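Here is a friendly walk through one model, from a helix pair to the spaces inside the fold. Please have the sequence and the 3D view at hand.

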Amino acid sequence: MALFHTRKNTQNEIEFVCLEELVPQDHLLRKIDKYIDFTFILDKVKPYYSENNGRPSLDPLILFKMMFIGYLYGIRSERQLEKEIQVNVAYRWFLGLRFEDPVPDHTTISWNRRKRFNDTTIFQDIFDEIVLQAMNHRMVGGRVLFTDSTHLKANANKHKFTKKEVTVETKDYIEELNEAIEEDRVAHGKKPLKPKEEVEETKIVRKSTTDPESGFMSRDNKQEMFCYLDHRTTDMKFNIITDAFVTPGNYHDSVPYLNRIDRQIGRFGFNVEAVALDSGYLTVPICKGIADRNIFGVIAHRRFHPTQGLFPKWKFKYDKAQDIYVCPNGQKLSYSTTSRDGYREYKSNPKECATCPLLEQCTRSKNHQKVVTRHVWEEYKEKVRENRLSNSGKMLYKYRKEKVERSFADSKQLHGLRYCRLRGLHNASEQVLLTAACQNMKKIATHLARIG
């Protein structure tokens, strides 16, 4: 009869072990430690430390490596992070802690965040340096970029809010648009518009009493919530994240886009040749901005639902040479005026429309006159539409979901980016930037380890 062999009291035995031998050779942290240079952190944080005042501080490399572990493995709580490091051999090895060394208290991280690094650019600096390391390893092309945004649920109850009147921010392109409107009116023989009396435009928004810096998101087919938006750009070559920017959840996707593209061009010296975007970016200013930067833009089609029973706008063909629209029945709609909002108005002859057999499908106006509008920058939008329908555009847009959307999926599934860990825009930005930096570290380390 076989006997069972059991182990008793092995927990109290003393052994001589080497920490180096306990960490598997193919462990992710080994790869990151080998291929990512963290020494730049010391230079970045030096201005925030005093050399001759106070007690010796915790090694900044240990502090930030602790944070990297939390973001790499989706450990949402800093208290839990401390406990995990106490018992995880690989974590101790990565931090350079011996078995008998105490793990830094979780409050050290929160104190440094609230005091030392508050209102600094340290997290953006760390993210940028990791991107630069990826560029040094030729993992970033900077020629084809994909951008999208995803919501990050705020640590706030959606039922606890106050309603507040806020000022609507003036769009960056307003001055340029006003100039284009005046030029268009002059070209059509119209008088300049009278100066508009400046009236501060306001709107009523929901303000969370829990996290006032978050924004209330209410979109079709989306859950209503207070959240932040992670606006992210990835590079086509290895899907390295080249930009991560956070706004309150009630911002439109397209608002920060052009500024963030310019930021990447200026910071990393990208020579951007093409971009692929979701339908949320299909606005006339975005299309013009892309064209002004000599970028091949591909933006998804936005579905419009015309009034039931009436012709959609695309049924009316624009003749650029004559500057007219032609209706489905072959009648001309002539230029009338250019509005203060930047739209040209093309109107039909009501006498001809009154006897038109297609009148019921064209307009329901009492005077039988059809009006079609066209933005002064509409040609840029049409160019983007042509790009999307081209072979290059179709191929480029197909990669979008495999690049930026895959990046978001990894952030949420593997790194805990579905929810904000802390409250406030600065803390949400820290979470997004360091999560993105850790994703880039993984890609750099695994790629370099694979090629030897």
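Let us start with a helix contact. From helix α4, residues M67, F68, Y71 and L72 meet E430, Q431, L434, T435, C438, M441 and K442 of α16, where contact means heavy atoms within 4.5 Å. By class, the residues of this contact of α4 with α16 divide into 7 nonpolar, 2 polar and 2 charged (Ala, Val, Leu, Ile, Met, Phe, Trp, Tyr, Cys and Pro count as nonpolar, Asp, Glu, Lys and Arg as charged, and the others, Gly among them, as polar).

A word on the source: this is a predicted model, in which local features need pLDDT of at least 70 and side-chain atom pairs count only at pLDDT 80 or more, while totals for chains, interfaces and linings use all residues. Residues are numbered from 1 along each chain as its sequence is written, and side-chain values use heavy atoms, with hydrogens and water left out.

**The helices**

Two packed helices are described by the angle between their axes and the distance between the axes. Here the axes of α4 (residues 60-72) and α16 (residues 425-451) come within 9 Å and cross at roughly 80°. The axes are lines fitted to C-alpha atoms, for helices over the stretch in contact, and angles run from 0 to 180 degrees between N-to-C directions. The helices α4 and α16 are therefore roughly perpendicular to each other (65 to 115 degrees; under 35 counts as roughly parallel, over 145 as roughly antiparallel and the rest as oblique). Helices (H or I, at least four residues) and strands (E, at least two) are DSSP runs, numbered from the N terminus.

Helix α16 also holds H447. Is H447 buried or exposed? H447 is buried, with a relative accessible area of 13% (buried means under 20%, exposed over 50%, partly exposed in between, with a 1.4 Å probe and protein chains only). Leaving aside neighbours within four places in sequence, H447 is in contact with M139 and F238.

Helix α7 (residues 106-116) has buried residues too: H106, I109, S110, N112, R113 and R116. Among the elements covering them are α4, α5 (78-87) and α16.

**The spaces**

Pockets and cavities come from a 1 Å grid over the protein atoms alone: a cavity is a set of points where a 1.4 Å probe fits but cannot get out, a pocket is an open set with protein on both sides within 12 Å along at least five of seven lines, and lining residues have an atom within 4 Å of a point. Grid points are joined across faces, edges and corners, and a volume is the space filled by probe spheres set on the points. The count comes to 3 cavities of 30 Å³ or more.

| Space | Volume | Lining by class |
|---|---|---|
| Second largest pocket | About 1100 Å³ | 14 nonpolar, 11 polar, 13 charged residues |
| Largest cavity | About 90 Å³ | 9 nonpolar, 3 polar, 2 charged residues |
| Second largest cavity | About 70 Å³ | 4 nonpolar, 4 polar, 4 charged residues |

The second largest pocket is lined by 38 residues, with E169, K171, Y251, V255 and P256 nearest its centre. The largest share of this pocket's lining, 5 residues, comes from α11.

In the largest cavity, α12 (350-354) and α13 (359-362) each supply at least two lining residues.

Which element gives the most to the lining of the second largest cavity? That is α10, with 4 residues. The residues lining this second largest cavity include T147, H231, D243 and P256.
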